[in-house]
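Dear colleague,

I am handing over a structure for you to look at, and below it I describe what was found. Please keep it open beside you as you read.

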Amino acid sequence: MLAAAREFFADRGVLEVETPVLSSAAVSDPQIESLATRVAGMGARAYLCTSPEYAMKRLLAAGSGDIYQICKVFRDGERGRWHNPEFTLIEWYRLGYDDAALMTEVEALVGCLLAPRRLEPAERLSYSGALQRHAGVDAHAASDGDLTESARRHGVVCDAELDRDAKLDLLMGLVVGPRLGLDRPCFICDYPASQAALARLKPGLPPVAARFELYLNGVELANGFHELVNAGEQRARFTRELSVRRARGQAESPLDERLLAALAAGMPDCAGVALGFDRLVAIALGAPQLADAMAFTIDNA
């Protein structure tokens, strides 16, 4: 499958690159925790990358053109049926693509890697439509109470104090996601603007992000964006995320000033996506858990 992936990108003229696993900056996303260490002589903590995204965007700003990478990434606190603190991502960026065009290419890659299994054409469903279909709530108009009640109706009870996005994540993760992509791949697109991450926003109301995720067999496989290239807006988002981390008592890591400088210098219009390779291997095997697709999990590493 790795050989097929490299052939897929070579046929399309996408350059394979390599970026650092260890960095002086870390992700600010409150939903992701970095693993930290210390390097002698640095005088500060260093972080294992949760994604090669920031470094790859610096390459894009430097004129690399279309690029991809197959690499190990690390996330703290992720251990379970479909999670391991160390896993493999296929991440790539295509100049001149938007989220819709990249979804088409993601579908082609997944079809290639899962051959000879013949997949039905993928469904494209909005985030709002998915929540309405499978959880019975309007993602944009529902009150916090409506979201809590929907979770309760579906047997999900959480006593923790959750903000609105955390409640939506709870419904997507435990109620909606497992029902997606059961008979064909399913792209969930047009996420709420509050969940834009590094995606640009689309014009119109309600405000939604040019972001998508791919589900197959109830498992989330990929997360992609029509990339935000505005350095000021990206800094503002990072700052808001750090405020959320502070309010939740989470560790605050330094912003990646080199990424922000690259955006300010000018990054080309592009779309990018990260695909969980180990999960795709598990699906190819018909395996019920990630561990069946990995020679070494954290429990036997």
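**Surface patch and aromatic rings**

L22, V39 and M42 make a nonpolar surface patch of about 220 Å² (patches take residues with over 30% relative accessible area and no salt bridge, joining like charges within 9 Å and nonpolar side chains within 5 Å; a salt bridge is a side-chain nitrogen of Lys or Arg within 4 Å of a carboxyl oxygen of Asp or Glu; areas come from the Shrake-Rupley method with a 1.4 Å probe). This is a predicted model, in which local features need pLDDT of at least 70 and side-chain atom pairs pLDDT 80 or more, while totals for chains, interfaces and linings use all residues. Residues are numbered from 1 along each chain, and side-chain values use heavy atoms, without hydrogens and water.

V39, in the loop between β3 (35–38) and β4 (45–48), counts as partly exposed because its relative accessibility is 31% (buried means under 20%, exposed over 50%, partly exposed in between).

Across the whole structure, six aromatic pairs are found (ring centres within 6.5 Å; planes under 30 degrees apart are stacked, over 60 edge-to-face, the rest tilted). The rings of F8 and F9 have centres 5.3 Å apart and planes at 90°, so this pair is edge-to-face; both F8 and F9 are buried. F8 and F9 also form one aromatic cluster with Y68 and W92, and R12 lies over the face of F8, 3.6 Å from the ring centre.

Y127 and Y191 have ring centres 4.7 Å apart and planes at 50°, so they form a tilted pair. Both Y127 and Y191 are buried.

Kind regards

Terms used:
Helix = DSSP H or I, 4+ residues; strand = E, 2+ residues; numbered from the N terminus. Buried < 20%, exposed > 50% of the residue type's maximum accessible area, 1.4 Å probe, protein only. Lys NZ or Arg CZ within 6 Å of the ring centre and 35° of its normal.
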